[in-house]
Amino acid sequence: MSHSQTSWFHPAAQIVFDFARPQIATLPAGDVDWIAAEECAVRMGVFPLFAQRILEVNRSCEPGRNAGTPPEVLRQWKERLRRHSGLALVLVNENDLLLSRFLAARIDILPVKGPTLAQRIYGNPLLREYVDLDYVVPW
């Protein structure tokens with residue numbers, strides 16, 4: 001289902017769901033509430049993935065044209081992605097350091113959510129929002 005008008009999801013949520021799948025390459029026809037879509041993606045924790053996909057679609061358009069996303073929205077999203085990447089890289093490095101220390105101490109640990117989940121699902125730890133690291137340690 002691509003940009004379905006018959007979906008029971010809110011239109012903003014449907015756009016976020018659609019763009020979480022790499023095979024969607026065009027934006028929906030008509031007006032899009034980009035602020036609602038952004039808010040929805042943030043609530044779902046997938047704003048980086050969503051914004052990255054929208055930016056890719058816009059870059060694939062003819063020079064001088066975008067795929068319907070207002071230039072100001074694209075500029076704001078690029079800046080937000082830049083800020084997110086800085087924090088995410090700090091957490092990725094901290095996660096790697098902690099995992100290596102637990103391994104060296106022979107302590108079993110299971111990382112959950114955060115960069116581990118993003119890497120496993122999306123192949124890139126920067127494509128999901130997180131602000132901390134979570135682990136399960138056997139008792």
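Me: What percentage of the contacts in the chain with a separation of 6 or more comes from residues 24 or more positions apart?
Reply: This is a predicted model, and its contacts can be sorted by how many positions lie between the two residues along the chain. Among the contacts with a separation of 6 or more, the share that belongs to residues 24 or more positions apart is 60%.

Me: In what order do the helices and strands run from the N terminus on?
Reply: The chain holds 5 helices and 2 strands. Read from the N terminus on, these elements follow one another in the order α-α-α-α-β-α-β.

Me: How much of the chain counts as buried?
Reply: The chain exposes about 8800 Å², and carbon and sulfur atoms supply 58% of that area. A residue is taken as buried when its relative accessible area is under 20%, and among the 139 residues of the chain the share that counts as buried is 37%.

Me: Is helix α1 mostly covered or mostly open, and against which helices do its buried residues pack?
Reply: Helix α1 spans residues 11-19, and with 7 of its 9 residues buried it is mostly covered. The buried residues are A12, A13, Q14, I15, V16, D18 and F19. The helices against which these buried residues of α1 pack are α2, residues 34-44, and α3.

Me: How are α1 and α3 oriented to each other, roughly parallel or roughly perpendicular?
Reply: The two helices pack at an angle of about 75°, with their axes 9 Å apart. An angle of 65 to 115 degrees counts as roughly perpendicular, and therefore α1 stands to α3 as roughly perpendicular.

Me: Which residues make the contact of α1 with α3, and how do they divide by class?
Reply: With the axes of α1 and α3 9 Å apart, the contact is made from the α1 side by I15, V16 and F19, and from the α3 side by F50, R53, I54 and V57. By class, the residues of this contact of α1 with α3 divide into 6 nonpolar, no polar and 1 charged.

Me: Which word describes how α3 lies to α4, and what is the hand of their crossing?
Reply: Helix α3, residues 47-59, packs with helix α4, residues 71-104, at an angle of about 135°, and their axes are 10 Å apart. That angle makes α3 oblique to α4. The crossing of α3 and α4 is left-handed.

Me: Which residues of α4 does α3 meet, and what classes are found in the contact?
Reply: From α3, the residues F47, P48, F50, A51, Q52, I54, L55 and N58 take part, and in α4 they meet L74, W77, K78, R80, L81 and H84. Sorted by class, the contact of α3 with α4 has 9 nonpolar, 3 polar and 2 charged residues.

Me: Are α2 and α4 roughly parallel or roughly antiparallel, and what hand does their crossing have?
Reply: The axes of α2 and α4 come within 12 Å and cross at roughly 20°. Angles under 35 degrees count as roughly parallel, so α2 and α4 are roughly parallel to each other. In passing α4, α2 makes a crossing that is right-handed.

Me: Which residues bring α2 and α4 into contact, and how many of them are charged?
Reply: In α2 the residues are W34, E38 and V42, which meet V73, W77 and R80 in α4. By class, this contact of α2 with α4 has 4 nonpolar residues and no polar ones, and the number of charged residues is 2.

Me: How exposed is L89, and how far apart are the C-alpha atoms of L89 and L126?
Reply: L89 lies in helix α4, and with a relative accessible area of 44% L89 is partly exposed. L89 and L126 are 37 residues apart along the chain, while their C-alpha atoms are separated by 7.5 Å.

Me: Where is R106 found, and what is its phi?
Reply: R106 is found in the loop between α4 and β1, residues 110-112 being those of β1. R106 counts as exposed, at 78% relative accessibility. Although R106 is not a glycine, its phi is positive, at about 55°.

Definitions and conventions:
Residues are numbered from 1 along each chain as its sequence is written. This is a predicted model: local features need pLDDT of at least 70, side-chain atom pairs count only at pLDDT 80 or more; totals for chains, interfaces and linings use all residues. Side-chain values use heavy atoms; hydrogens and water are left out. Axes are lines fitted to C-alpha atoms, for helices over the stretch in contact, and angles run from 0 to 180 degrees between N-to-C directions. Helices (H or I, at least four residues) and strands (E, at least two) are DSSP runs, numbered from the N terminus. Angles under 35 degrees count as roughly parallel, over 145 as roughly antiparallel, 65 to 115 as roughly perpendicular and the rest as oblique. A crossing is left-handed if the near helix is turned anticlockwise from the far one by less than a right angle, and right-handed if clockwise. Contact means heavy atoms within 4.5 Å. Ala, Val, Leu, Ile, Met, Phe, Trp, Tyr, Cys and Pro count as nonpolar, Asp, Glu, Lys and Arg as charged, and the others, Gly among them, as polar. Buried means under 20% relative accessible area, exposed over 50%, partly exposed in between (1.4 Å probe, protein chains only). Accessible areas come from the Shrake-Rupley method with a 1.4 Å probe; for residues, only the protein chains shown count as cover.
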